[in-house]
Amino acid sequence: MKRKHATALIEDLLRRIDAGGAYLDCIDEVWIFGSYARGALEPGDVDLDIEYTPDNDFRKFQIGRLASGSDWLGPLRRAVVARQRGFQVSYERRELYEEKGIELTLLWRRSDTLDIALERLHAINPDPDAGRSPRDAMLPAFQGIDRWVPLLVRQPLVKQVEAGTLTVEHIELRDAEPEDARAVSYVNRRWRAGSPFRRAGLAALAHVERHGGDPRAVHLHGRDVYNRDTPHFIGFKWRYYTRIPSCLADHGGEEWIDVVNPTQTRALHAMLIVPLDRDRLRHEEF
C-alpha cells in the first residue's frame with residue numbers, strides 16, 4: 001500500500017472517531033506503530049492500538065458475548081474500521097507493546113480536536129530507508145495473512161520456532177462438517193446459522209476428524225466439545241493465544257489450530273501450531 005493511500009485511510013478513521021457515535025464514544029486514545037509510524041513509503045498495513053472504556057450498553061454486550069465465547073469486540077471493530085481494508089487494529093494492548101519495546105505514537109485522545117490529531121499524523125515524516133523492523137517478527141507462514149496475525153502473537157511464535165519448541169504452518173480450512181453428529185450438534189447449539197464462528201468451528205472440527213483426530217476430543221474456542229481430555233485445541237482470532245504453551249505442554253496437546261479471520265464467505269485461513277519440545281515450551285510465556 002502506498003503511503004499516500006495509508007495516510008488517507010488514517011485521516012478518514014480519525015474523522016470517524018472524532019465525530020463519535022455508538023461505540024466510537026467509548027474510545028479514549030488512538031496510537032499508531034509499525035512500518036507507517038517509522039516512515040515507510042509502502043507500509044504493509046496500518047498498525048493501530050485503540051484504548052477504550054466501555055459504556056454500560058457495551059459492557060452488557062461484552063459480558064453476554066464472553067459468556068458464549070463469541071466475539072465481544074465486533075461492534076467496536078466495525079465502527080472503527082468501517083469496512084476499510086488496510087488496518088491491523090489491536091485493542092487495549094498499548095502497555096503490552098511498550099513492555100516489549102515497541103514504540104507507539106499518539107494520534108488522538110478524547111480531549112483532542114481533530115486538527116490536533118491530524119497535525120500529529122502529518123508530523124510523522126516519510127523515510128525512504130524505513131521498512132519492516134526485525135521486531136516485526138515474520139515467518140513464511142505469516143506471508144500474505146500477517147494482517148490477521150498481530151505483532152503480539154507473531155513475536156512469541158517466531159521466538160519459539162527459532163528455539164525449536166514448536167512449528168507453525170499456514171493452512172486453509174475447507175468448508176465441511178465432521179461426520180460425528182454430536183460434534184456437529186455442539187457447534188450448532190453454540191453458534192447461530194450464518195455465524196462466521198459456526199462456519200469456522202465446523203470446518204476446523206472436520207479438519208481434525210479428516211486427519212485422524214476425534215472431533216469430540218477438542219477444546220473449541222474456550223470450551224470442550226464433549227471429552228474433557230482434549231489433545232486438540234482450536235481458537236478464533238487469537239483470543240486464547242496466551243494459553244498455547246500450557247495447552248500444548250502441560251495438557252499434552254497435539255496441535256493448536258487458530259482460525260485467524262473467521263468469515264461468512266471468504267477463505268478460512270488458519271495457523272497450525274505443533275509442539276516439538278514440550279519440556280522447553282512448558283517454561284515459556286506468551
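Helices (H or I, at least four residues) and strands (E, at least two) are DSSP runs, numbered from the N terminus. The structure described here is a predicted model, in which local features need pLDDT of at least 70 and side-chain atom pairs count only at pLDDT 80 or more, while totals for chains, interfaces and linings use all residues. Residues are numbered from 1 along each chain as its sequence is written, and side-chain values use heavy atoms, with hydrogens and water left out.

Most residues other than glycine have a negative phi. With a relative accessible area of 4%, W238 is buried, where buried means under 20% relative accessible area, exposed over 50%, and partly exposed in between (1.4 Å probe, protein chains only). Y23 also has a positive phi, near 70°, and this residue is found in the loop between α1 and β1.

**Aromatic rings**

A pair of aromatic rings is described by the distance of the centres and the angle of the planes. Rings of Phe, Tyr and Trp (its six-membered ring) pair if their centres lie within 6.5 Å, and planes under 30 degrees apart count as stacked, over 60 as edge-to-face and the rest as tilted. A search of the whole structure finds eight aromatic pairs, among them the edge-to-face pair of Y23 and F58, with 5.1 Å centre to centre and 75° between the planes. This pair links distant parts of the chain, since Y23 lies in the loop between α1 (3-19) and β1 (27-33) and F58 in helix α3 (residues 56-68), 35 residues apart. Y23 is partly exposed at a relative accessible area of 28%, whereas F58, at 0%, counts as buried. F58 also forms a tilted pair with Y52, at 6.0 Å centre to centre and 40° between the planes, and Y52 is buried, with a relative accessible area of 11%. Ring pairs link Y23, Y52, F58 and Y91 into a cluster.

**Packed helices**

Two packed helices are described by the angle between their axes and the distance between the axes. Axes are lines fitted to C-alpha atoms, for helices over the stretch in contact, and angles run from 0 to 180 degrees between N-to-C directions.

| Helix pair | Angle | Axis distance |
|---|---|---|
| α8 (residues 181-190) and α9 (residues 196-210) | about 165° | 9 Å |
| α1 and α6 (residues 114-122) | roughly 160° | within 10 Å |

α1 is therefore roughly antiparallel to α6, and α8 and α9 are likewise roughly antiparallel to each other; angles under 35 degrees count as roughly parallel, over 145 as roughly antiparallel, 65 to 115 as roughly perpendicular and the rest as oblique.

In the contact of α8 with α9 (heavy atoms within 4.5 Å), A183, V184, V187 and N188 of α8 meet R198, G201, L202 and L205 of α9. These residues divide into five nonpolar, two polar and one charged, where Ala, Val, Leu, Ile, Met, Phe, Trp, Tyr, Cys and Pro count as nonpolar, Asp, Glu, Lys and Arg as charged, and the others, Gly among them, as polar.
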